[in-house]
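I opened the notebook to look at one protein chain. The plan is to go from the whole to single residues.

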Amino acid sequence: MTVAEVVIGLIVNPIAGIGGAAGLAGSDGQGVQHDAALRGGRSHAADRAVEVLRAIRVHLESGAALLLVAPGDMGAATARAAGVPHQVLDLTVGEPTSAADTRSCAAALAETAVDLLLFAGGDGTATDVAAGCGETVTALGIPSGVKMYSGCFATDARAAACVADRVASGRATATTLAEVVDLDEAALRGGRVAPRLTAALRVPVSPVVQPRKAPSAANAAGEVAALAAAAAHLVSDGVPTALGPGGTTAAVSRALGLEPTLLGVDIVCDGEIRASGVSEPELYDWAERGPLRIVVSVIGGQGFVLGRGNQQVSPRVIRACGPANIVILAAESKLIALGGRPLLVDTGDAALDEELSGYRRVLTGPRQWTICRIGQSFSTQVDHHDRRSA
């Protein structure tokens, strides 16, 4: 291995997020991955990792930083696509790759004392990375999975690139332990949401590292019920409406007398479910035929509106139905708990994320709308953080 000031490791889960746009609420298991591919699912993990690597190209080309990657589709192929100098771990991984491969690659990178271990994937990938590297290696997730409830991911790929650039340039970065949370997908497909704390990862302290998803407060049930009733009244106008995943939108379905698809997207109209558990291509078809309203809710603790668990609502779907036809729901207590932080979008399309940024109305209850800010320049956040840390 050549001598460098900083060593950055990379692991890519090549099937991360494949079940998201396919409407399968996860990507675990070869059967699910096969079904996801048939329904138009595709992983964007490598694309997002390429974006991060290109942002630190100057440090890698100068030799100030060394990039050490997992073999094949788990890293080497991504580094080649990014066109950056790199070295490949002397390991053999399976075909297709597995969770055990992620663990072994993370363990090997930990042994090299990497300064930052980047991984592109979701909560399951984070669990496997933690199992391999433990709590001493600084790691950061490039969000590429379906839900990403854990507190070890950057808010988007650009944010991950900003943190990676800081580390690659040799600037000191404080770290903290973050909880890794994953859903039991087998239980989920059996109709039960069972989040579980699986591990902890050491992550950089930065305003662009997302917090863990916060559970709903026990005393918020009445607030959510009132909000659901208001939303149910709003969507009872004969306009086809896509109800996105989440407990709040599920409550809207039940307020309409319907049984929602667990963590899926359903099309409702005139008091009926017209299509259940739709995939991204199916949702796009509805949006193309129009009109279509899309209802999404805010993820507690994180503030995400798009890009976490609702990948069926893709950039082309949003453009086809029109951003003005997206209705955001949030209990007022959930917004208060964000402490003034903005709501976030991570569609994977930077131009669309910018278009969606600004001030938007959020339905919080019967005849109650709140104006909230969506998005914030991650570079401004990091620059401000750097000045405070100097």
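The entries below follow the order in which I looked things up.

**Entry 1: the whole chain.** I noted at the start that this is a predicted model. I looked up the secondary structure and found 15 helices and 16 strands. The protein has 390 residues, and 55% of them count as buried. I then checked the contacts between residues at least 6 apart in sequence: 69% of these join residues at least 24 apart. The accessible surface is about 15,900 Å², and carbon and sulfur atoms account for 52% of it.

Entry 2: In soluble globular proteins, nonpolar side chains tend to be buried together. I looked for such groups here. The largest nonpolar core has 62 residues, and the members that touch the most others are Ile 11, Leu 67, Leu 117, Leu 118, Phe 119 and Leu 201. Helix H7 gives the most to this core, eight residues. I followed up Leu 118. Leaving out residues up to four places away in sequence, Leu 118 touches Ile 8, Gly 9, Leu 10, Ile 11, Val 52, Leu 140, Ile 142 and Ala 164. Another core, of 30 residues, lies apart from the largest one; Val 278, Val 298, Leu 352 and Cys 372 are among its members.

**Entry 3: aromatic rings.** How many aromatic pairs are there? I found one. Its rings belong to Phe 119 and Phe 153, with centres 5.7 Å apart and planes at 65°, so I wrote it down as edge-to-face. Phe 119 is in strand S4 (residues 116-121), while Phe 153 is in the loop between strand S5 (139-143) and helix H7 (157-168). The two are 34 residues apart, and the pair links distant parts of the chain. Both Phe 119 and Phe 153 are buried.

**Entry 4: charges over rings.** I looked at two arginines next. Arg 289 lies over the face of Trp 286, 4.6 Å from the ring centre. Arg 316 lies over the face of Tyr 284, at 3.9 Å from the ring centre.

**Entry 5: cysteines.** A disulfide is a covalent bond between the sulfur atoms of two cysteines. My count of disulfides is zero. Cys 133 has a relative accessible area of 7% and is buried. Cys 152 is at 0% relative accessibility and counts as buried.

Conventions. Residues numbered from 1 in each chain as written. Predicted model: local features only at pLDDT ≥ 70, side-chain atom pairs only at ≥ 80, totals over all residues. Heavy atoms only, no water. Phe/Tyr/Trp six-rings, centres within 6.5 Å; stacked < 30°, edge-to-face > 60°. Helix = DSSP H or I, 4+ residues; strand = E, 2+ residues; numbered from the N terminus. Buried < 20%, exposed > 50% of the residue type's maximum accessible area, 1.4 Å probe, protein only. Lys NZ or Arg CZ within 6 Å of the ring centre and 35° of its normal. Core = buried A, V, L, I, M, F, W, Y, C linked by side-chain atoms within 4.5 Å. Contact = heavy atoms within 4.5 Å. Disulfide = S-S within 2.5 Å. Areas by Shrake-Rupley, 256 points an atom, 1.4 Å probe, with all protein chains shown as cover.
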